[in-house]
Amino acid sequence: MKRLLAAAALGLTLTGIAHAAIDTYEFANDAERQRFRDLTTELRCPKCQNQDIADSNAPIAADLRKQIYAQLQQGKSNQQIVDYMVDRYGEFVRYKPEVSERTWLLWFGPAAFLLLGVGVIGVIVARRRRPAAATSTTLSAEEQARLDQLLDNQDK
């Protein structure tokens, strides 16, 4: 009975593996295989969004892998392949978008917000460290005389 349950559990766990997508491509050399790996890890899956197309099992990721393989076989450069993907799916398909007018906020926004926060904290700290005596005003001679008179009258 234990063996039957163990076999059933093993069978159920292996069914998920059997449905995983495994692409097999023939490459002329190891350099081409490495280019394929680099390109598939450099590009984001449009459906999964947080996975590269090398790791994604989405149908669109499989299509993109096929497209990259076909373009490699046509002799296209990495830049031509990436440009094709960006033209087709937008700048989002890249994990590291180029610095351009459209992506300035993406690249420099976090640093700007960090500097703004440091500046605000600096102003707050500077205001709190200001001595209390600098904010109070001194008494004029007339006011000092009046205060002395009131204090003398109190002592009597």
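1. Phe36 is buried in this predicted model. Its relative accessible area is 9%. That value falls under the 20% cut-off for burial.

2. Phe36 also has a ring partner, Phe27. The two ring centres are 5.3 Å apart. The planes meet at 50°, so the pair counts as tilted. An angle over 60 degrees would have made the pair edge-to-face, and one under 30 degrees stacked.

3. Phe27 is buried too, with a relative accessible area of 15%. Phe27 forms another aromatic pair, with Tyr69. Here the geometry is edge-to-face. The centres are separated by 5.5 Å, and the angle between the planes is 80°.

4. Tyr69 is buried, at 18% relative accessible area. This is again under the 20% limit, so the label holds.

5. Taken together, the ring pairs join Phe27, Phe36 and Tyr69 into a cluster. The structure holds 2 aromatic pairs. Phe27 takes part in the tilted pair with Phe36 and in the edge-to-face pair with Tyr69.

6. A separate point concerns a charge and a ring. Arg44 lies over the face of Phe92. The distance to the ring centre is 4.6 Å.

Key
Residues numbered from 1 in each chain as written. Predicted model: local features only at pLDDT ≥ 70, side-chain atom pairs only at ≥ 80, totals over all residues. Heavy atoms only, no water. Phe/Tyr/Trp six-rings, centres within 6.5 Å; stacked < 30°, edge-to-face > 60°. Buried < 20%, exposed > 50% of the residue type's maximum accessible area, 1.4 Å probe, protein only. Lys NZ or Arg CZ within 6 Å of the ring centre and 35° of its normal.
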